[in-house]
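Student: Can we go through this one together? I'd like to ask things as I go.

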Amino acid sequence: MTDLDIAGIGIWSPFFPDWPAFCDGINSGNWHENAPLQPGLIPSRERRRAPQSVKMAVEVLDQACNMASMDPAGIATVFSSAMGDMQITDYLCKILVEPPRLVSPTRFHNSVHNATTGYWSITRHTHAPTSAISAMGYSASMAMLEAAVQVAEEDTPVLMVSQEMAAPEVLRIICPSDYPISLALLLTRPGLFPHPLASFQFGVQRKSIDWPGLHPDLEEPFNGNFGSRLLPLVTAIASVSSAQTNAPNRFEFPLSKSACLNISLKIRENIEVHHE
Amino acid sequence: MRLAITGYTATSALGCGVEFIQSSIAGNHSGLRRNDFSGCDLETWIGRVNAVEATNLPSHLEHLDSRNNRLTWLGLQQDGFLNRVYATIDRIGVDRIGVVMATSTSSIGRTEEAYAHLDDSGLLPAKYCQPKVHNLHSPGIFVAEVTGLTGPSLTISTACSSSAKVFATAARWINHGFVDAVLVGGIDSLCLSILYGFNSLELLSTSPCRPFDTLRDGISIGEAAGFALLVRKDLAPEAEFDLLGYGESSDAYHMSHPHPEGKGAVLAMEQSLKRADLPASSIEYINLHGTASKANDLVESYALSQLFSTQTLASSTKGWTGHTLGAAGILETVITLEAMKHGLLPGTLNCEQPDAEFKFPILTENTHKPINIAMMNSFGFGGNNASLILGRSND
């Protein structure tokens, strides 16, 4: 098992636009209904043109980075999504059905899976490595593993993102995602940041398991959404009651049909400062 | 951080398996042809793999049918590679071998086809309801199913640097210790999104691409599938070649134009040297990204001039294969390993008059020279860069 810290969290969905809103929802049942997506990092004139996948990722990356007040220049990123930007896929596949097949050049270069981290590195001027991955139904847990291993092996902080958009009608049967969600975790080696939200140990185990259940309020909107799979982890951090118990929370997230990611989470006592 | 490369293979427009790489380079035979891709009337040249059209998946894999998976299947059959994988499974265990694939567009060709056959209510008909195909991890899912590997598996998709980055991820996984070996690979196949997309950016040449030539005017799109087996060094004393280092960086400049001073490219190359603990002077050959776009080749030559002496031999092999995007890193790694194996360094096919603006000389003609250490560069959209260093195991 390897020790790491969670130094920052960013989160967005129509039901919780940021971490304080998520904590409020978990502890008080107050959820937003139609929270806007207005990442401050993207100038308003560009916001309309930026694809939704980029807006979501940039918003949560920025939130997580700001929470730790850390300079993004030295932080690597691992972006994950099972399907990538499904709105652009839907657009490309529709426009290519018949001539003249005039593809928008902007939408085409935004169609690369790493447009999210590319946009982040450009706006935050960071030359740190960025990656973009998919592991279909296991995208969230594989991104967590990929990021955690990178922190441990390269001694670099890593921002990981688990994200999935709402599926357009045609692709709904492939990816039953009703609402968009994006989650970013800033992972560091122990002690790098003086006030981490939580610490954890992780390891890979040969074991066949099911996904841990979501908070009851989040089940209906996010059950079919591959980007929501790590919510139980941040729900524990958000929950005031679990912060008070001080006992480690053990999580098992499937990595494949026969392997899982073990996480033993220890929530820091100073958690209340993040609930303001 | 040395890791053993115990097997490798590549299938591209040059043919199925590594023997065609060697013969095509030695004979200066390009795999590029006038665009004849079904459903596409663009005036350009492509690197199509002839055998894909005649390849059918076995019945137990038919539910995974797509051009990309057919190309993957074809690629896995070459050079005894699958047998090498099975032998490694017997020795190491099915759950101690990771799968790290790479692709830019995955099976989107199949998704395009599906959209052209929607039913009356505008939904996917049963034949195209393939959840394991219409997603970015389709290459990883397919390779795991073919090989029976059950360990952690993911697919990297960072445009044209994807299948160079698989080596970095594999190295971290093995060093961390939860796997002892990783099957890495990259697959990208021709599809309408890519051809019409690059056309919209005015990046396609109407003639066979001419990397580093004064008259270069764009890229030729190719398709390829390549694979390598990376194994913990102490478990593979017999391996001929090793991965010595890798570097990854971001340009932080523009989504589709490289940094004008090649900042990200320099950083990636510097880091790969640092991880390999080697001076730049130890690199004897560099397989360049060299796409034949105006900007890439100019910037890459400038980046080289900041690190290497002009004695270092460097060439682009995209005149033979076209730009195979997410498969370029693995294809060009295999080309580099074959160059080391046979002592024949590829020149730069179709580069007749190197651009006078270049700050670094380009190797234009094939050159016989035994070498021990080489570098391979891949740079992609989003300013995503990766560089690898490969060497002989006994060096």
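Student: What follows helix 3 of chain B?
Tutor: B:Gly93 comes after helix 3 of chain B, and its phi is positive, near 110°. Helices (H or I, at least four residues) and strands (E, at least two) are DSSP runs numbered from the N terminus. This is a predicted model, where local features need pLDDT of at least 70, side-chain atom pairs count only at pLDDT 80 or more, and totals for chains, interfaces and linings use all residues. Residues are numbered from 1 along each chain as its sequence is written, and chains are lettered from A and ligands numbered from 1 in the order in which they are written.

Student: Which residues of helix 3 of chain B are buried?
Tutor: B:Phe81, B:Val85 and B:Thr88 are the buried ones. They sit on the same side of helix 3 of chain B because they cover an arc of only 65° around the axis, the arc being that of the directions from the helix axis to the C-beta atoms. Buried means 20 or more other C-beta atoms within 10 Å of the residue's own, exposed means 12 or fewer, and partly exposed is in between, with C-beta atoms placed from the backbone.

Student: And what is exposed on the other side?
Tutor: B:Asn83 and B:Asp90.

Student: What covers the buried residues of that helix?
Tutor: Among the covering elements of chain B are strand 1 (3-12), helix 2 (67-76) and strand 9 (224-232).

Student: Switching topic: how many residues of chain B are in contact with chain A?
Tutor: 57 residues of chain B are in contact with 54 residues of chain A. Contact means C-beta atoms, placed from the backbone, within 7 Å.

Student: Which helix of chain B gives the most to that side?
Tutor: Helix 6 of chain B, with six residues.

Student: What about the core, which residues have the most contacts inside it?
Tutor: The largest nonpolar core has 223 residues, and A:Met160, B:Val182, B:Val184 and B:Leu230 have the most contacts inside it. A nonpolar core is a set of buried Ala, Val, Leu, Ile, Met, Phe, Trp, Tyr and Cys residues joined through C-beta atoms within 7 Å.

Student: What does B:Leu230 touch?
Tutor: Not counting residues up to four places away in sequence, B:Leu230 touches several residues, including B:Leu3, B:Ile5 and B:Leu243.

Student: Last one: how many helices and strands are in chain A?
Tutor: Chain A has 10 helices and eight strands. Of its 276 residues, 55% count as buried.

Conventions: Two residues are in contact if their C-beta atoms, placed from the backbone, lie within 7 Å.
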